[in-house]
Amino acid sequence: MATKETPQLRSISACLAVFLGLLNILNTGNCDEQVPLIMWTSEGVSVPSQSPPTAGHIVGQQQLASYLEKALSVGPRNVVLFLQDKMSIEDFTMYGGAFGNKQDSVFPNLEGALRSSSSPLVLPAVSWPASNAVIGQLQDQLDTSPLYMDPETLSQLRLNASSPALLVFRLPYGFGADLMSAKDILSGNDEMIGQVLSTMKTQSVPYTAIYTALQPSREAASLSMEAGVGGGRSLLQARGGWRERESKKERQRKIKAKEVIYGPVEFKEGDDTCIMLWATGLSVSILRSGRWEEHDLTPSTFGEGVSPKLAGSTCNKSKARLVLNYEKVLGHSSFKLIFAMSQRHYKVSARRWFTLDAVELEYDGTKATFNGSRHVYAPAEYSYRCGSVTNFRWPVLIPRTSKDPANQWRVSFADFQIQGFNVTGSDFSYASDCAGFFSPGIWMGLITSLLMLLVLTYGLHMIMQLHTMDRFDDPKGPAISVPLTE
Amino acid sequence: MLLECMMNGHAILYTGVTVAFWSTILIVGTCYTIFDLGFRFDVAWFLTETSPFMWANLGIGLAISLSVVGAAWGIYITGSSIIGGGVKAPRIKTKNLVSIIFCEAVAIYGIIMAIVISNMAESFSGTTPETIGARNYQAGYSMFGAGLTVGFSNLFCGICVGIVGSGAALADAQNGNLFVKILIVEIFGSAIGLFGVIVAILQTSKVKMGD
């Protein structure tokens, strides 16, 4: 029996060794990703400050543990941990007013806290994914479990200087339905940090605060740029050279591979596709207790192997209704997103047009209706496409009445394309885009400029018509002399 | 032979510009038709998406500028004649200043209307056609129309009075009895400018811009 097992064991251990080897390679491959970590104590607490790492040094897991241990052994045992989804040192460079424009900095609260603290510690580069162990290490060293909070619940908590506590505040970074810029998100996070710190100040409990993230927000581009595709530099290599272009192309190819390529949602009547819908982002948000809670419906609607439930959809010559059924959206067990379209002949333009009459959200018996016919229309033979169909940013969808439940919802469809009639095959027809070639501003500028040009032309014409009087010129006669005396 | 066809630089320039303009329109129109994109040519979109402020200010600008062009042209024509005729018959100079005053009145109509119309421009807080509201669109278009009305009528009134005044000065230089009768012609010419002002005031009487 033993002899039979050893070959198996040997093969298993061989596989394990190869696997571990691969893991290590992958780990060293990720070695160039770093996440900054900022730690400080509340003002009034004097602890011996630790020496920051030398410039460019990447702090590993062991070193991070020793920093934390030193800080927590002599410092306060109440730890406030601000954990952002993503962060890189470039965020501070770009948005922290580092170029002499301190007034544009989006981190006023953070900078104030670091200034007033007696022992701030900034680790610009903690290797990732070692930095994810921060919570685990804090948990071990404080011997408590982390409490996930937000600023409202913090004011209800009573902290004790003697008993250790680990309070974790999650801060977003990724682009939500609002497509807020990184600057706005970081500014919002900094405000939350300010709120938390002021609440902690009113509680007058000394604390240690840590600000870090779970992932880096940017890839380390510099290394790959200098290394080039084959590694090393070529003689007389200048910026924008062939190697840089190659590395840029490779990076773009990698990004494109991550981009979404999937087919549209098709509702078929029998064998023929009747309604088609495509988008890169479908998200709905509801306003609950002063905050917008968002739910992204894209993964349950689009993707390889994803087939959304279209029960209730109908389709005929003049009306088309696409019903997308979801479960467990924002606390509602059944949630429906309905697109109601209609087409008819319009006499003045002598053409058939279709309109997206309504976008309805049906949940738990309530129906929130958005009117879309004002802006979403296209000739009936074509599909309608728009980069952004929302009800809050350049709104295209409008709640039906001012008392409609739709006023508490925000819907946002990104890169949206829909066709409800005259679908041939399984491709969209020509896409009538919501954005025209000239914007209203361009037209206004063109008209005013052309008017000015016309005026200028006419004026020039008149001036060029003026001629010197030459009726009495006599080139052969004596020159005119004007005597000085009377 | 080609040189004979091209008379002067002006003709080349104007024919070139006209050809460019009409060919652009023709090609754009043809493309719209061929590609069945005629539905994108939407005049209503243009009229509702452009800001009423543009129309209002164009009206104000045109009111004063076209009136001044008319007045200036008239004065230039009359003034040259008075000055030229006054060399041989200095007695005409005082009487014929009346023609100049008639031309100047046209410019005064223009500036009064420009001030009246610009006082009606108020700010409003809408950004989409629905929130701007019909009243603001009506205000914008009325102000544009009033500006055009007063501008063009004053333009032609000024030219008319100028040419008549020039003839009056030269006739007066020949025979002093003629001036009084010719003045009546000038008065009729001047009345046209007044008509323009009256109609412009009627157009802007119902204008109410703002929220």
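**View 1. Helix α4 of chain A lies across β1 and β6 of chain A.** Helix α4 (residues 108–116) runs at about 55 degrees to β1(A); angles go from 0 to 180 degrees between N-to-C directions, with axes fitted to C-alpha atoms, for helices over the stretch in contact. Helices (H or I, at least four residues) and strands (E, at least two) are DSSP runs, numbered from the N terminus. Helix α7 (residues 182–203) of chain A packs on the sheet too, touching β1, β2, β5 and β6 of chain A (contact: heavy atoms within 4.5 Å). This is a predicted model, with local features needing pLDDT of at least 70, side-chain atom pairs pLDDT 80 or more, and totals for chains, interfaces and linings using all residues. Residues count from 1 along each chain as written, chains are lettered from A and ligands numbered from 1 in written order, and side-chain values use heavy atoms, without hydrogens or water.

**View 2. Here's the open sheet of chain A, in the order β3-β1-β6-β2-β5-β4.** Its 6 strands have mixed pairing; a pair needs at least two DSSP bridges. β3 (121–127) and β4 (147–149) of chain A sit at the edges with a single partner strand each, so one side of each has no neighbour in the sheet.

**View 3. Strands β1 and β6 of chain A run antiparallel.** They're joined by 4 bridges, and W40(A) stands opposite A209(A) in β6(A).

**View 4. E130(B) reaches R374(A) through a salt bridge.** Their closest N and O atoms are 2.0 Å apart (the rule: a Lys or Arg side-chain nitrogen within 4 Å of an Asp or Glu carboxyl oxygen).
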